[in-house]
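This report is for a reader who has not seen this structure before. Please look over the sequence and the model below, then read on.

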Amino acid sequence: MDFKPPQKYAPNPDLKIFVNGRIVPAAEAMVSVFDHGLLYGDGVFEGLRSYSGRVFRLDRHLQRLEESARAIRLELPMTRQELVTATYETLEANKIIDGYVRLVVTRGVGTLGLSPRRTECPSVFIITSQIELYPRELYEQGMAIISCSVVRNHPNAIAPRIKSLNYLNNILAKIEALDAGVHEAVMYNHLGYVAECTGDNIFLVREGTVLTSPVAAGILEGITRDAVIELVQRRKLPFRETDLNRHDLYVANECFLTGTAAEVIPVTQIDGRPIGNGQPGPITRQLIADFKALVNGGE
Ligand code: PMP
């Protein structure tokens, strides 16, 4: 039978994709069913953002990609400069000035066994598109999230610092969020401390102090997280990276999430409880404005 995906989710046929050195129309952008990225989630990726034609902190993203690759013993088939060029060429081919970029490196085509030694060259593809992760109005009103029962990957199992193609841990948490009628879920680590959300890092404000989980809690070292920490320090706001638990969430005055796609988004309800007075707080609003200025300034 000729199965066609529902039009709603089908890729834009005019989209141009970078695949292993060539920029091709979406319909021709294919990977093999024998690619270990598909068979085992064996690969790494980055999500980036272009603002006014400039990719935000591209060098930092490529450094994280290199570190993720190193952690899974995957040798990137392209240099950092080649990846920079390919990223900009893909944006240009699609005439995208402000948009999202997905850069993926898979282990490549191999035998059905797990061994990464029995694979050919890693595949690299770059997709760029316009995305809106959360509805616009949530940036004004704030969003509701839940605590979820899915424990974040143990750092000594699959380190959350590796941005790997295996996102099932996060997807299981995301399903729990969606089932509860919200967009995001807080994942706790194996010790019961707050780790991060399924695709975003989490911050709290308590009595004027900005708090976030340390990287050692088992989180992705978010590039937006780093940028927001710099903004907090520029404003000379008291700041601490510290282990947080559910109680800290419930008694916080403010809460917000950070991520490349999400940027900075206020959270006003957790597990059905209002955070602070149930409205985005003043520090959150300030940091949203500062972050906008930062990305528009091209830093
Ligand atoms: N945590 C997870 C699990 C993520 O997938 C992401 C990226 N979407 C983030 C945090 C935020 O990281 P960044 O700011 O680098 O996008």
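Which residue in the turn of the hairpin formed by E8 and E9 has a positive phi?

## The E8-E9 hairpin

The residue is glycine 192, whose phi is about 95°. The model is a predicted one. In it, 5 residues lie between E8 and E9. Strand E8 covers residues 184-188 and strand E9 covers residues 194-197. The two strands run antiparallel and are joined by 3 bridges.

## The six-stranded sheet

An open sheet is built from 6 strands, and its order is E2-E1-E6-E5-E3-E4. Pairing in this sheet is antiparallel. At the edges are strand E2 (22-25) and strand E4 (54-55), each of which pairs on one side only.

Inside this order, strand E1 (residues 16-19) is joined by 2 bridges to strand E6 (residues 123-129), and the two run antiparallel. Valine 19 has phenylalanine 125 as its bridge partner in E6.

## The ligand and its contacts

The ligand takes up the space of the largest pocket. Helix H6 (223-234) and strand E13 (254-259) are the elements that give two or more residues to the shell around the ligand. By class, that shell has 9 polar, 5 charged and 3 nonpolar residues. There are 17 residues around the ligand, and those that come nearest are Tyr167, Glu196, Ile223, Thr224 and Thr260.

Several side chains place polar atoms by ligand oxygens. For tyrosine 167, an N or O atom of the side chain is 2.5 Å from an oxygen atom of the ligand. In threonine 224, a polar side-chain atom lies 2.6 Å from a ligand oxygen atom. The side chain of lysine 163 has an N or O atom 3.3 Å from an oxygen atom of the ligand. How much of the ligand's accessible area does the protein cover? On its own the ligand has 390 Å² of accessible area, and the protein covers 93% of this.

Terms used: Residues numbered from 1 in each chain as written. Predicted model: local features only at pLDDT ≥ 70, side-chain atom pairs only at ≥ 80, totals over all residues. Heavy atoms only, no water. Near = heavy atom within 4 Å. Polar contact = N/O pair within 3.5 Å; in protein donor to acceptor, adjacent residues only side chain to side chain. Areas by Shrake-Rupley, 256 points an atom, 1.4 Å probe, with all protein chains shown as cover. 1 Å grid on protein atoms, 1.4 Å probe; cavity = no way out; pocket = protein on both sides within 12 Å on 5 of 7 lines; lining within 4 Å. Sits in = over half its atoms within 2 Å of the grid points. Helix = DSSP H or I, 4+ residues; strand = E, 2+ residues; numbered from the N terminus. Nonpolar A, V, L, I, M, F, W, Y, C, P; charged D, E, K, R; others polar. Pairing = 2+ DSSP bridges.
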